[in-house]
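Okay, thanks for coming, everyone. I'd like to walk you through one model today, so let me put it up on the screen.

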Amino acid sequence: MTKNAVFIYSPDQLGYKFSDSHPFNHKRLILTMDLLKNIGALDDEHIIPARMATDEEIALAHDPQYIEIVKRAGRGELTNQQGEAYGIGTEDTPMFENMHEASALLVGGTLQAVDQVMQGKAKHALNLGGGLHHGFRGRASGFCIYNDSSVAIRYIQEKYGMRVLYVDTDAHHGDGVQWTFYDDPNVCTLSIHETGRYLFPGTGNITERGNGEGYGTSFNFPIDAFTEDESFLEVYEQSMREVFEFFKPDVVLTQNGADAHYFDPLTHLYGTMNIYKEIPKLAHKLAHEYCNGRWIAVGGGGYDIWRVVPRAWSMVWLEMNDQELPSGPLPQAWLDRWQPESPVPFIPTWEDPHPLYEPIPRKAEIQEKNAQMLAKALHMVRNEKR
């Protein structure tokens, strides 16, 4: 019998850890799971263990020489200077023990999610440990050693022969996935992100459209710094509907970075929990309209691991299971368990307080700039339909 959704997780996924002070902290996986368990939305029957991706699977999107470099780094056989050419041993992506094994487990988790959905065992699958969208073929970047989404898309193509739509709502441009499939007409990438004028990785302009046979299958929607919920959701809803209708994918893979929130320390967007309620709703609806329900979701960015990520990521799982999205107070047992560890006071409710921040003087100007960008980008989508 096909399950509604499965949740991919293994405790060993927490081994992907650069240092105690690094902003990328997979403790957010435990916080999210514990929140879901506290509201009775997640139990052991939903959980499928992540597996280790093989070297051959990782090589679908990464150079074998690079894989060997990552292995050497994880064994302490590489200096930072030697690793720098490969993007490791840097401030963003420092080396740590067993780097390859920890990274391969995150990739394997996403492949496990793919197989669950593509083999009809579940309609939807969630691997919150994945979503490392900045990794390149021979180089780590932006906290990402291996790019699990790129590997998973190639895996879907080779094993199942299907057209894939990749949707990325992380505040940072999904550059690694875009460039991997830039000349591939059977993979469409859609990224909504803070403009690269202010934020890493500095790419994701609307003019990045694909190359060769893949021209017209790369779509970027860069939004202005300080963008708020209404403008973000206008861009999201219109771009999603247009791109789904244009590309008509067989399966959708969504990257669910939770760093577009006002509290996130690494970005400049002014989202609230309202966007994280709406993002999975539309992805779910369109997956059923176009892909026979085939929806694979991964995590991504999200650096306020206490106040934002657990609530935001819970919304994805609840939506996958057709559960009503919660409102009101968070479970007291969860707050009591984790507040002593948190360096900031928790938001004690599913919703954010209103107002969450002081009014933005440039609100109308930001909305207008985003609307102009959206109109220009959608014009390109519509031209591709002809």
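Let me start with a question: is phenylalanine 226 buried, partly exposed or exposed? Keep in mind that this is a predicted model. The answer is partly exposed, because its relative accessible area is 33%, and buried would have to be under 20% while exposed would have to be over 50%.

So who does that ring pair with? Phenylalanine 226 makes an edge-to-face aromatic pair with tyrosine 270, with 5.5 Å from centre to centre and 80° between the planes. The two come from distant parts of the chain, 44 residues apart. Phenylalanine 226 is in the loop between E6 and helix H8, residues 229-247, and tyrosine 270 is in the loop between E7 and helix H9, residues 273-290. Tyrosine 270 is buried, at 17% relative accessible area.

There's another pair to look at, tyrosine 262 with phenylalanine 263. Their ring centres are 5.7 Å apart and the planes sit at 45°, so that one is called tilted. Tyrosine 262 is partly exposed at 28%, whereas phenylalanine 263 counts as buried at 16%.

Overall, the count of aromatic pairs comes to 20. There's also an aromatic cluster made up of Tyr16, Phe18, Phe24, Phe96, Phe143 and Tyr303. Phe24 has something else going on: the charged end of arginine 28 sits over its ring, 4.6 Å from the centre.

Let's zoom in on E4, residues 164-168, which pairs with E5, residues 187-194, in the parallel sense over five bridges. Looking along that pairing, leucine 165 stands opposite cysteine 188, and tyrosine 166 has threonine 189 as its bridge partner. In a regular strand, side chains alternate between the two faces of the sheet. In E4, Val164, Tyr166 and Asp168 point one way, while Leu165 and Val167 point the other. Five of the five residues in E4 are buried.

Now a helix on that sheet.

Last stop, two polar residues in helices. Serine 150 is in helix H6, residues 148-160, and it's buried, with a relative accessible area of 1%. What does its side chain join up with? That would be the side chain of threonine 180, through a polar contact of 3.4 Å. Leaving out residues up to four places away in sequence, serine 150 also touches Ala61, Gly176, Val177 and Phe181, along with Thr180 itself.

The other one is aspartate 34, in helix H1, residues 27-38. Aspartate 34 is buried too, with a relative accessible area of 13%. Setting aside neighbours within four places in sequence, aspartate 34 is in contact with Trp334, Arg337 and Trp338.

That's my tour, so over to you.

Note on methods:
Residues numbered from 1 in each chain as written. Predicted model: local features only at pLDDT ≥ 70, side-chain atom pairs only at ≥ 80, totals over all residues. Heavy atoms only, no water. Pairing = 2+ DSSP bridges. Helix = DSSP H or I, 4+ residues; strand = E, 2+ residues; numbered from the N terminus. Buried < 20%, exposed > 50% of the residue type's maximum accessible area, 1.4 Å probe, protein only. Contact = heavy atoms within 4.5 Å. Phe/Tyr/Trp six-rings, centres within 6.5 Å; stacked < 30°, edge-to-face > 60°. Lys NZ or Arg CZ within 6 Å of the ring centre and 35° of its normal. Polar contact = N/O pair within 3.5 Å; in protein donor to acceptor, adjacent residues only side chain to side chain.
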